[in-house]
Amino acid sequence: IKDHRRKQGRRYLLEHILLFSIFAILSGADSYRKIAAYIEANYVILDESFGLNWKGVPAYTTVRTVIQGTTSAEIEEQFRRYSDSLAGSDTEKRFIAFDGKVLRGSFDHFRDQKALQMLSAFLTDSRIILAHEEIAEKTNEIPTAQELIVELGLSGCVFTFDAINCQEKTLKAAKRTGNDVIVQVKENQKTLFNDCQRTAKTMSPNDVYQEPWTKARNRIESRRVEIFTNMIISDQDKWHLVEAIVKVERKKRVFDTKAKCWKWSNETSFYIATTVFSAQVLCQAIRNHWGIENSNHHVRDVTMGEDKSRVRTNPHILAKLRSFAINILRANNVENASLTLFKNCININNVLNYTGVM
């Protein structure tokens, strides 16, 4: 990553500031002030490990200037290389979830700047973030996802999307690059949604999978998945890439603590797929798609304070440094991110000994 500062007066190397910022985020820092405080508190160990020989620790304004002065495209290029090395190569079919997220605190009314949106590609089995793409103000997630499919340069993968990306062009972009798509169908595609309902009512499924009941906290749920390859599709020209329709029935019991009783709810969803898997594999793929909410978005907002962050100048740079930190946690099989960040704050050696750091 190129250092765009003038050579005169550079007291601190760019690579040290970026690296120590990731260490600080791995220890619970959520602002430039806390990153600078982390460097100051752990300077002795950092100096021994990296041979810094600094005359003094950087102020938070210096940390802010260095981070905000880096180029988003250069950070993203190195992030994708690093993430690819953490993810490793897998001979099995890889499922990659796409989902957008708003950095809610990044708006700036004074500059007439809306909150930044970022689209992420998330490897569902290892929970590694593969890439991001900023969503421009005058566009939306749909064309950005189509561009990211091409930019990833992957083949033999299955991309999973929510209903906003149920688009003909998205399916074509995936197929052109040698990949497949599983995408939810809702009433944003009314004709196709009605076709899915008619297919499920009139056709016999090719494969059925009944998921065992699972219990988590105050909720018990199960899914039944049906696969239809004999499909009723009105617009064959538009949806000629669709190979299967997937029906997912979700039954759920939630314990109402006020009423002291269990409440039942049933939900039916439809998906289209450009390839055919067993009902069990598709059930797991659809369920894993929402792991991007729990393992990525929830960690960013609740544990790392991303939504509360009021960084308004180049907020995507700090967001990508958080992604470095999350990927390191996942590569080291961390389940409880909040507790781990607290332990890392107590002992810097936890971070230095991580796979992906040393």
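The largest pocket holds about 560 Å³ of space. Of the 20 residues that line this pocket, Glu221, Arg223, Arg250, Arg287 and Trp290 come closest to its centre. The model is a predicted one, and the points below are grouped by topic.

**The largest pocket**

- Elements that give two or more residues to the lining of the largest pocket are the strands β7 (214–216), β8 (219–228), β9 (244–256) and β10 (261–273), together with the helices α9 (279–289) and α10 (291–303).
- Sorted by class, this lining has eight charged, seven polar and five nonpolar residues.

**The second largest pocket**

- The volume of the second largest pocket is about 300 Å³.
- It is lined by 15 residues, and those closest to its centre are Glu15, Leu18, Leu19, Ile22 and Phe324.
- At least two lining residues each come from α1 (14–25), α5 (72–87) and α11 (315–331).
- Helix α1 provides the largest share of this lining, with six residues.
- By class, the lining of the second largest pocket comprises 12 nonpolar residues, two polar residues and one charged residue.

**Nonpolar cores**

- The largest nonpolar core has 48 residues, and the members that touch the most others are Leu26, Ile35, Val63, Ile67, Met304, Leu321 and Leu329.
- Another core, of 36 residues, lies apart from the largest one and includes Ala131, Cys157, Leu171 and Trp239.
- Leucine 321 touches Leu18, Ser21, Ile22, Ile25 and Ile67, when residues up to four places away in sequence are not counted.
- Two of these partners, Leu18 and Ile22, are also among the residues closest to the centre of the second largest pocket.

- Asparagine 344 belongs to helix α12 (residues 337–346).
- Asparagine 344 counts as buried because its relative accessibility is 1%, and the cut-off for buried is under 20%.
- The side chain of asparagine 344 forms a polar contact of 3.2 Å with the side chain of tyrosine 354.
- With neighbours within four places in sequence left aside, asparagine 344 is in contact with Leu26, Ser27, Asn350, Val351 and Tyr354.
- Glutamine 146 is placed in helix α6 (residues 141–152).
- The relative accessible area of glutamine 146 is 16%, so this residue is buried.
- The side chains of glutamine 146 and threonine 170 are joined by a polar contact of 3.1 Å.
- Apart from its neighbours within four places in sequence, glutamine 146 is in contact with Gln167, Lys169, Thr170 and Ala173.

- Aspartate 162 is found in the loop between β4 (157–161) and α7 (168–176).
- A relative accessibility of 15% is the reason why aspartate 162 counts as buried.
- Not counting residues up to four places away in sequence, aspartate 162 touches Asp99, Glu141, Val183, Gln184, His289 and Trp290.
- One of these partners, Trp290, is also listed with the residues closest to the centre of the largest pocket.
- Aspartate 162 and tyrosine 12 are 150 residues apart along the chain, and their C-alpha atoms are separated by 44 Å.
- Valine 254 has its place in strand β9, one of the elements that contribute to the lining of the largest pocket.
- Valine 254 has a relative accessible area of 29%, so it is classed as partly exposed, which lies between the limits of 20% and 50%.
- The contacts of valine 254, not counting residues up to four places away in sequence, are with Asn218, Arg219, Cys261, Trp262 and Lys263.
- The C-alpha atoms of valine 254 and arginine 224 are separated by 18 Å, and the two residues are 30 places apart along the chain.

- Most residues other than glycine have a negative phi.
- Asparagine 53 is not a glycine, yet it has a positive phi of about 55°.
- Asparagine 53 lies in the loop between α3 (43–50) and α4 (60–68), and it counts as exposed because its relative accessibility is 65%.
- Asparagine 333 likewise has a positive phi, near 60°, and is a residue other than glycine.
- The loop between α11 and α12 holds asparagine 333, which is exposed, with a relative accessible area of 62%.

Methods
Residues numbered from 1 in each chain as written. Predicted model: local features only at pLDDT ≥ 70, side-chain atom pairs only at ≥ 80, totals over all residues. Heavy atoms only, no water. Core = buried A, V, L, I, M, F, W, Y, C linked by side-chain atoms within 4.5 Å. Buried < 20%, exposed > 50% of the residue type's maximum accessible area, 1.4 Å probe, protein only. Contact = heavy atoms within 4.5 Å. 1 Å grid on protein atoms, 1.4 Å probe; cavity = no way out; pocket = protein on both sides within 12 Å on 5 of 7 lines; lining within 4 Å. Points joined across faces, edges and corners; volume = space filled by probe spheres on them. Helix = DSSP H or I, 4+ residues; strand = E, 2+ residues; numbered from the N terminus. Nonpolar A, V, L, I, M, F, W, Y, C, P; charged D, E, K, R; others polar. Polar contact = N/O pair within 3.5 Å; in protein donor to acceptor, adjacent residues only side chain to side chain.
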